[in-house]
Structure formats: C-alpha cells, structure tokens
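Trainee: I would like to learn how to read a helix and the strands around it. Please take me through one case.

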Amino acid sequence: MQDTNSIIANEKIDTHKLSRAKKIITELYNELPDYIARGHGPFLAAIYDADGNLITKTANSVITDTCSHNHAEMNAIRAAEEKLRTYDLSSHNLSLYVTAEPCIMCLGGIMWSGIRAVFFGVPSRAVESITGFDEGFKPDWTDEFKRRNITVYGNIEPERGESVLRDYMTQNRIVYKPKRD
C-alpha cells in the first residue's frame, strides 16, 4: 500500500477519494498495454461522475489521428462534452483520472472544461525522464487549480505507470516532439 506522504495533493488527503483513485488508476494502468498494442500513445484517461459512473475512457491518439493535441485528457474531455452535450462540464461534478500528470496543454483544457478534480499517476518529471517528452512549463499548477476549486491528487501508484512507459520505450514506439533547431 502506497504511503500517503508520497501523494501530491492540493487539499487535505481524503482517504476515500484516494482509495477510489488508486483503484481506477490501477485499472487504467492494466488496460493501457492493450491500447498501446493498437497503436495509441502511452497514456489513458477516464472521466467519472460523483456517483462513480464512467462517462468516458480514452487513450492518447496523437499518432493514430495525426493530431498533436489528441492527448488522452483532451480526448476524454471532448468525448464527455459530446456525450453530455455541453462545453461546460462543471454542473456534472466530474473527475478526471489519468495515468500520468497532465502536460501544460491538458492543464488548460482541464481548467476550461469545468472538470472538478484531477487524479494522476506518474509525475511529469518521471514521464520526461523515461520518454523525453516535454511536459511544458507548469509552475505551481496545483495551487492554481486549488484557487479555481479544482482538486488535485497525484503520484498515485506511479511505479506501475513508469513500468508501462519503460515498456513503451523498449518497444521503440514513437514519442512525438516538435523539432526545435
């Protein structure tokens, strides 16, 4: 069982929320290799309502869709908005669960979507170390989310997620990065 001292949170840790997040993120880690085998990137996101009902689950599809903004989080938000027929998800009290800390682009999408809580697995520093992907400049983002009433819990069961990322890299899969000369 993971020590709560290693959890990143912008509120006093609620053990019920954390337990639920660990279960969901572990399930995402377990499903992720199947998505990767079908050509998706190494990240998976799911959105649940306050009653624990799955609204949507999506993988990173940057490579398969040839679209740089099709990160798992952005795909999940888009799918939830389409399913719920709204661009403002705030009235639905939704939580986003993702296998890794959102990058700078996804943080903006989350903030503007109305998502109420974010739970993530692997922190950005580990994602960057393992994959070389540039997560972007994100100073004090958890505090900024707290200021906007968006709950954040992270570094949830990261070892399993790091293992999936290392497997992805050993399979010589594509890590998309723009060239910066």
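Trainee: Which residues of helix H4 are buried?

Mentor: Helices (H or I, at least four residues) and strands (E, at least two) are DSSP runs, numbered from the N terminus. Buried means under 20% relative accessible area, exposed over 50%, and partly exposed in between, with a 1.4 Å probe and protein chains only. In H4 (residues 104-113), the buried residues are Cys106, Leu107, Gly108, Gly109, Ile110 and Ser113. This is a predicted model, where local features need pLDDT of at least 70, side-chain atom pairs count only at pLDDT 80 or more, and totals for chains, interfaces and linings use all residues. Residues are numbered from 1 along each chain as its sequence is written, and side-chain values use heavy atoms, leaving out hydrogens and water.

Trainee: What covers the buried residues of H4?

Mentor: Look for contacts, meaning heavy atoms within 4.5 Å. The cover includes helix H3 (72-84), E4, strand E5 (117-122) and helix H6 (141-147).

Trainee: In which sense do E4 and E5 pair?

Mentor: Two strands pair if DSSP finds at least two bridges between them. E4 and E5 pair in the parallel sense over five bridges, and Val98 has Phe120 in E5 as its bridge partner. Strand E2 (residues 44-48) pairs with E4 in the antiparallel sense, over four bridges; there Ala45 stands opposite Val98.

Trainee: Is Ser95 buried or exposed?

Mentor: Ser95 counts as buried because its relative accessibility is 14%. Ser95 belongs to strand E4 (residues 95-100), where six of six residues are buried.
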